[in-house]
Structure formats: structure tokens, C-alpha cells
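I set out to look up charged contacts and helix packing. My notes follow the structure shown here.

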Number of protein chains: 2
Amino acid sequence: MAARASINRLLTATSNQGCRGCGRTHASNHHHLPSLSSQGVRGMATPIETPLRAGPPQGNGDYAFEMAASNLRFGQHATREVGMDFTNMIAQLPASERANAKIGVFTDPNVAKLDVMKVVEESLMKEGLNWVTYDKVAVEPTDKSWQTAIDFARSGNITHFLAVGGGSAMDTAKAANLFCTYPDADIYEFINAPIGKGTPIAKKLSPLIAIPTTAGTGSETTGTAILDIPSMSFKTGIASRALKPTLGIVDLNNTKTCPREVAISAGLDVLFHSLESWTAMPFHERTPRPANPINRPAYQGSNPISDIFSKWALEQTVKYLPRISKDPTDDEARAQMLLAASTAGIGFGNAGVHIPHAFSYPISSLNKGRAKDKQYHHPSYSPDVPLIPHGVAVSMTAPAVFSFTAPSAPTRHREALAIFMGDRADQLSRIKDEDLGQALGEEIQRFLDILGVPRGLSQVGYTSSDIHSLVEGCLPQRRVLDLAPLLSRDDREEQREQLSRIVENSMSW
Amino acid sequence: MAARASINRLLTATSNQGCRGCGRTHASNHHHLPSLSSQGVRGMATPIETPLRAGPPQGNGDYAFEMAASNLRFGQHATREVGMDFTNMIAQLPASERANAKIGVFTDPNVAKLDVMKVVEESLMKEGLNWVTYDKVAVEPTDKSWQTAIDFARSGNITHFLAVGGGSAMDTAKAANLFCTYPDADIYEFINAPIGKGTPIAKKLSPLIAIPTTAGTGSETTGTAILDIPSMSFKTGIASRALKPTLGIVDLNNTKTCPREVAISAGLDVLFHSLESWTAMPFHERTPRPANPINRPAYQGSNPISDIFSKWALEQTVKYLPRISKDPTDDEARAQMLLAASTAGIGFGNAGVHIPHAFSYPISSLNKGRAKDKQYHHPSYSPDVPLIPHGVAVSMTAPAVFSFTAPSAPTRHREALAIFMGDRADQLSRIKDEDLGQALGEEIQRFLDILGVPRGLSQVGYTSSDIHSLVEGCLPQRRVLDLAPLLSRDDREEQREQLSRIVENSMSW
């Protein structure tokens, strides 16, 4: 089944041997500019393979990339400032509208019981603000749970939004905000095509402050909102700069109660946000170039600015996530992972993710639809809830994916490998370009083993009979698959074979 | 005169020898966390000396820092999209307000003649927009030139702002925007205290798009606006997140006509934005902690996020600015300097600058007030205009400043030194901590020599009799001096002596 893919991969790799320009191996889809390579200093600059200068507009690739991020405030105890932030925002309204200001606080039933909500409510109360709390956010939001939250917001005349929680709470608040601004739209209006209509968001949304309680999603800085559509057995979402919060408040106090397994899963999300955005197709190869800048996607491909964030976040995560795994009370590691989560958020929020995220959606989603005795229950959550947490689901195909993508940009993959190798990076020069993918795959596996992540899809109950369903669930994730290096775009059958091979290779390690 | 300062510096350095925690030398005002040091890999992570976690609020230092940046679009030819951007913004207005939308285009008489303005006007015309051009921005804006621009904007009912040019045009447009939002305020209302009242900006300003034509100021992403007040012989400004543009469009086509000397001066601004923000006092040592987040200054001290930008921009500038000096048509170097300028803008825009910038204001300003035969005329500009360009003025005290600040954070200064040393960085381990300042000062001088910058204040006409005036002109720059490491804050007389010694040491090299 995957024979053509193998041949194609081989051809691709072969055709990229021996660049005339630099004598090194690299694929055509990352511009290797010898003069942009790193300086020979300790804190070396990142070699930039994606040029700012794409030359005069030729072909259909984009000539520009955009960077957008929420304002972010980092600091232990900063949560207590949120009431003043809303007061300051409300003061900007015309006098006649100030009395109608009403804050909708979106959280989930677990977070609602934590200290963070006490701090938030005290802060709102101290400012004499008018607010209402919606504490029914679903842990993995669905179209139904979104709709309930949207109905709540629409009927409540909410003018300002506050999300307190993980990605679920932040994404649900984004959706509630969006659909209050478009009171007549249905939820498929803005969901990524081809699942939804993918209409660009043209209106300005209401202010939203996001207070994350995990170091993971980066949703406090991105325009991404993800939901599960159980009837179709997959996850998808909305990605638009217009959705990004006005302000993210990142406070170390708020991840204190995060259980070890949740912290690891969230950290894996950070890891692959970083690595996928770092290796995503360069922005100038993404087609078509938008006719109007409002249509330039947030997931626009790797670019010199997202690279800075993605690489930094990757270094941080490789260093600090294992420490959290060892000791979830390691405050320094927790602080650094919070920084990494937001930083990776800025990286992937402006570059995108690719195959591991595309597969994570059916991996998580199909598990829920299986017969009860075949469902996987992750130790982090209640034994009653069948769940492959998002970060774990993302990690399952990663070793196979980066083995596959390495020939697209050997320099970048070599740098990623160096980060994973750490103290052993002096052995890196012995690894030939053609062996890079294999080596990177093995290093990622080694890293996942340290964290105690299930060793492959077979350990969460998938067998070779599921390959077809997993690939079919992955294929509609166009906004991310379109950024995957080396994945065939013209020949859908070939793409299926490439993805099938990745799933095959992800069964166990 | 500077004897006390010398002794104090020595004491400071001595008292910081031999940290019990790590056995290395460092000053108390940068937290050296051994476990936060770099990884032993090629693309090593930046050691973070400023912790995210400042512990429970103790003392009066801040516990949080904020990151804010304009949306930025990078790409050759992206200028042509500006009309559509305004159309998209105007579409967000209530229907009744759309017909009144009017764009004010702020530029200077030189830029008005360049291709960039043709592209801008074609783009606005194509969209059928209503706009009016103000092309009288002064090259180094003054309180008077600001007022003229403000009067123009106020009387013109401008609803949307566009700046096309260098820092002068962007800063003037920011001021025009601010004072249209506050139609009754006078310009001293928001100017940094103690020169102005320093009132925080509480209202939301109108949209502003900035299109830079130099790779320097970073004003397209910052909330900073600088002006000269000739009657007081110094420069000052406004720094507030509220001032930052909505969008910066950074287009390689627009620096094509930038003359060599202007590009070098602009590049020096980038260099010292990076190096000053990288070495500025850590955010958690800045006092007082604001009672309301709206009062947390944009210039808040170095922090883990600004560090990422500042260090990257420093590496880029050290690498690419000499190439522009050699060949101003080197497109790749121009592209990389544009990225560096905006990146350094995000860095210093969220951390601040310190002594070299504080001195640059009187250095530039006093030159204008001197007797005609004593004025310095930089070769980049018209022989009729007495001018020490901003970037050149900043560079004049830098070698002496960083010699002075090195003991405050040896690790950071060592990393900066490594960047300047480039291929010679392997010799770095031989340099003892107590010699770091001297070595860094010499490397900066070497770098400035490569660029052909005047060798010290004596070459632009200053003598030892000017030390007093230069120090007195520097002292009111509180918002930046307050972030200067090792500068005495309690004892103003000592501070004067420290600054005097820096000027003395900056006369020639």
C-alpha cells in the first residue's frame, strides 16, 4: 500500500543530494542561503533557510508573512490584576455604553473549584464589575458544547470575555465571542474548509482576556480554536488572527495544581507546536498568494520571525519538560514551561503545525467512538472518561513524521536533532544527511520514553485495521496538511499512501 | 571628579566576586540561576538570568512583565496591500461611520518624492479611499513640528493614520493620532516625566499603519515617539503601549534608496536597541511595582521574552550591518537588517534602553545650538543641516557605557562580547570577568571603526568643557536612566559623577 510513497520519498531524497550552491544536501522547498548560516559564536544565530526576500512576485507563492500575537503579561500573582484590566478597557467605551458592560467568565467545572477562580472573582468584585460565570466548558469541546456556550453568551448580552482554564476554556470563549459578534452565523460558517465554509472573519470581536491554567495550548496568544465533531469522528477548528485574545495573563500560581500527567500531555503539545512550526513549509511556497491580506492565513508556513519563537520554545521544552515529569512541583521548570507554551504559541500561531497535529485529531476522536472495552483511558483523567489527551495523541506519529520530513530541510532537522541530543550533540557531525530522519525519529522516541508516553498507537488500542480510518480522519485537515513538507499535494492517492506509511510506522517503537 | 564613581564601581565589582550559588562572578541585580544556564548544543538556549518567578510579592519590585507588539507584515511588495488593509479596517466601523473615514498620510518631503509614496497612493486610490497627505514631517521632529502635524490632523477630521518614512514620520503620526484622540490636551500632557506630566494614555487611539523606509528605529512596532525640544536643548518622548501602530508593513523595496550613511546610522540604532535592552535592569528590580497594570511602563526592564528578541537582533546586526556598510545594495543584508530592526523594536519596546540612548539626546541636541562654525555636519545629510544622526549619537558613549555596566551581569556581557568577537570567540574563555567590560568596550570600538563612525565625542566637536552640559542634558532622561545597571539611584551626586566619567571616557578612542 505504501510502496509508491516509499519510492517517492526516496526519489525526493535523492534528487536533493548535492546542491550546487553549497555542496550540502537539502531539498528545494527550504532555501538554503549559505550566507545566512550561523555565526561561529557560542550563542549562535539561527540559520535562516526561509528568506525574507522572495524576489519579485513570481508564480503563485506568497511574498509576505505576518506576525500577530496577543499582548501577554507574565508574572506570578498577575491574575489579581484582571479586574483592573477590565475597568481600564471599559473606561475606553463611550460613556453611554459603560453601564452595559458585562463580563462573561468561561471556565470548566474543575477549574471553577480552584484558587484561580477565587482570585479572579475577588479581582472582579473589588472593581465593582458586572460579570456572569459559565462553568460548563467541556474538557474536550464539541460542536454541541460550543453551541451551549454560544447560546449562553448570546442571550446574556456579554460585552467582554474572560477565559480561565486550559485550551478548552480559552477556545470555547473565543467561539462564544466570535458568534456574539456574528449573532446570526452558525458554527460551520468560520470552521476551516472543507469541513466548514472557512469564511474570513471581517468584524472586530469584543475584548477577551485569557488566563491559562496549563502550560500547553498557547491559546492565550493564538487565533486558534479547536473543537471535536463527534458525528464526523474528527476534530477541527477555526484559525484566524481576529480570534486572538486581547491579553493573556500567564501566572505561575495557576499551574500549581496541574496533575503530572496533564502537565506532560500539555508539554507535548508545546513540543510539537515548536517542532512542527519550525519544520513547516516556508511561507513563500504556500499557494495561492492571497488577493487580499485579510485572507493571508494565520497558519502561513515557517518564516524568520516564527522561527525565533519555535526554536527557542523547542529548546526550553526539551530541557524543562522532563524535569516536570520527574517532579511536578519543580517551580522553575513550571515557570520555564509557561514561557515556552506562550512562545511556541506565537511560533505556531504565525506559522502553523502539520502532520502530527493532523493525525492527533482522528487519534483522539476515534477512541471515543470505539466499543467500550476497546477504549483507551489515560491515567491522568477520570477512569470513566475514554481519552487520549491531545498532547499524547500528537506525539504518537511524531517519530515517524519527522523521519519522513527530514529530507525537506536537513539543516533544520539537524538543528532539532542537536537540541534533543543535548550533551551528545558532539556526535552529530557523524550522522549523514540521509540518516538524519531515522536519528531524529529515534531521539524523539527516547524523549517520549523518558516522559512515559505510550509507545505507539498499538498501546492505545489501535491495530493495522485502523490505518484506513486514521488516514481518512486526517485527510480533511487541509489547513495543516497543506503545510506539511514532502507530502504530495497534486496526487491525493500518493498522499494517502504517504500518510498510511506514517501510521504503519507509528504502531509501536 | 569621577573618583567616587570609580571607587563605587570597584566596590560593586568586588562585592560580587564568588557567588556561593555557582562559584561564578555576578552582580546581585541579575539573578544567576545555575539551572537556567544554556544547553550544550549548537543552537544553545539563551541563559536566562531574569527569572519569570519573582516569588511572592516582596519589596517594591515588579512581579510581572508585559509583551506587546504591533502586528507586523514582512515582505517585498507588501506595501501595495495597504489600501486593502484600510478598506478592511473601515469595514469594521458601524455603517454610519464608514463614509466619514479619512486617512491622514504622514511623510517627510524627501520620502514624498520616492517610489514608496507612489505605491502607497496607487493602493489607496485603487480602493477608492478618502485620504489627505501631510508631507511636512521634520527630519528630527521638534515640539513645533509635532504641533503643526497635530493641528493638521485635528482640523482635518482624520480617522485613520498612515506613516511612511523613518522614525520621524512614524513618531509624528503617533503624536498626531494621540492628540486627535485627546483634542484638548497639550503636548506635555503625555511626555515622559519629569519633562512632561507623563499621564498614562487611557483611551484607545485610532488605527495607525506604519511603513518604515529605514531599518532602524523599530517605531513600526513600538509605542515610542521621540521629539526634540530645542528650547531645552534635549530630546525626550512618549512611551506607551497605547501608541503602538495597529500594523507595520516592512517591505524591502522601501529601503532600496536609503543612502549608505543613513543606513549605517539607522543600523547603529538597531545595534544599541538590542544591546541596551539585553543589558537593562531586570524587570523585577524596577520600582515601584505599579498599582494598576495600565501604569506598568513599556520600558519595564529586561525580561525573558524581550531577551529572545534583543539577542537575536544583536546577532543579526553584528553580522549584516558591516555588509551594508561595504555594499549598500546588498539585498540580503538589507532584508536581514529590516528583520533585525523590527525585532530589536519588539525587544527594547518591551524592555527599554539605557545610558547610550540617554546621552544620545543631548549629544544630538547640543550640536544644533552651538556656534555655526562649531557645529558637526554628518556626511549623510545636506551640508546645510548641522546634524549628529541619532544612531551615531547613540554609539558615541557605548564603548564606555558597556565597560561600566559589565560587572552588573557578567554572563550577559560575555555573551554580547562573544557575538562581537565572532570567529574569535574561542578566545573568550581567557578573558576574566574583571576584564570583560574593557574587552567589550574595545570590541564595540572595533565594530564602530569598521563602519567608519567618528571615533569619539571629540571628533564631532565636543571637548571636556562640554561634559557638564552633556551630563545635565542626560539627567532628565529618567525613564531610561532608571533602567541603567549600576547607576546610582539614591545618590544623585554619585550618579552625576558616574555619568561624567562615561563622557570623559567617550571623548576619543
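**Entry 1: one charged pair in chain A.** I began with E332(A), which is buried at a relative accessible area of 12%. Here buried means under 20% relative accessible area, exposed over 50% and partly exposed in between, with a 1.4 Å probe and protein chains only. The side chain of E332(A) meets that of R323(A) in a salt bridge, 3.7 Å from N to O. A salt bridge is a side-chain nitrogen of Lys or Arg within 4 Å of a carboxyl oxygen of Asp or Glu. R323(A) is partly exposed, at 25%.

**Entry 2: basis of the values.** I noted that this is a predicted model, in which local features need pLDDT of at least 70 and side-chain atom pairs count only at pLDDT 80 or more, while totals for chains, interfaces and linings use all residues. Residues are numbered from 1 along each chain as its sequence is written, chains are lettered from A and ligands numbered from 1 in the order in which they are written, and side-chain values use heavy atoms, with hydrogens and water left out.

**Entry 3: further salt bridges.** I found a count of 52 salt bridges over all chains. In one of them, R412(A) pairs with D307(A), with the closest N and O atoms 2.7 Å apart. R412(A) lies in helix 12 (residues 410–421) of chain A and D307(A) in helix 8 (residues 304–326) of chain A, so the pair ties together parts 105 residues apart in sequence. Helices (H or I, at least four residues) and strands (E, at least two) are DSSP runs numbered from the N terminus. R412(A) is buried at 0% relative accessibility, and D307(A) is buried at 2%.

I then turned to chain B, where D228(B) and K368(B) form a salt bridge with their closest N and O atoms 3.0 Å apart. D228(B) belongs to strand 7 (residues 224–229) of chain B and K368(B) to helix 10 (residues 355–369) of chain B, so this pair ties together parts 140 residues apart in sequence. D228(B) is buried at 2%, whereas K368(B) is partly exposed at 30%.

**Entry 4: a network.** Which residues are linked in a network of salt bridges? I listed D62(A), E66(A), R286(A), R296(A), R73(B), E81(B) and D85(B).

**Entry 5: two helices in chain B.** I recorded that D307(B), K311(B), L314(B), E315(B) and V318(B) in helix 8 of chain B meet R412(B), E415(B), A416(B), I419(B) and F420(B) in helix 12 of chain B; contact means heavy atoms within 4.5 Å.
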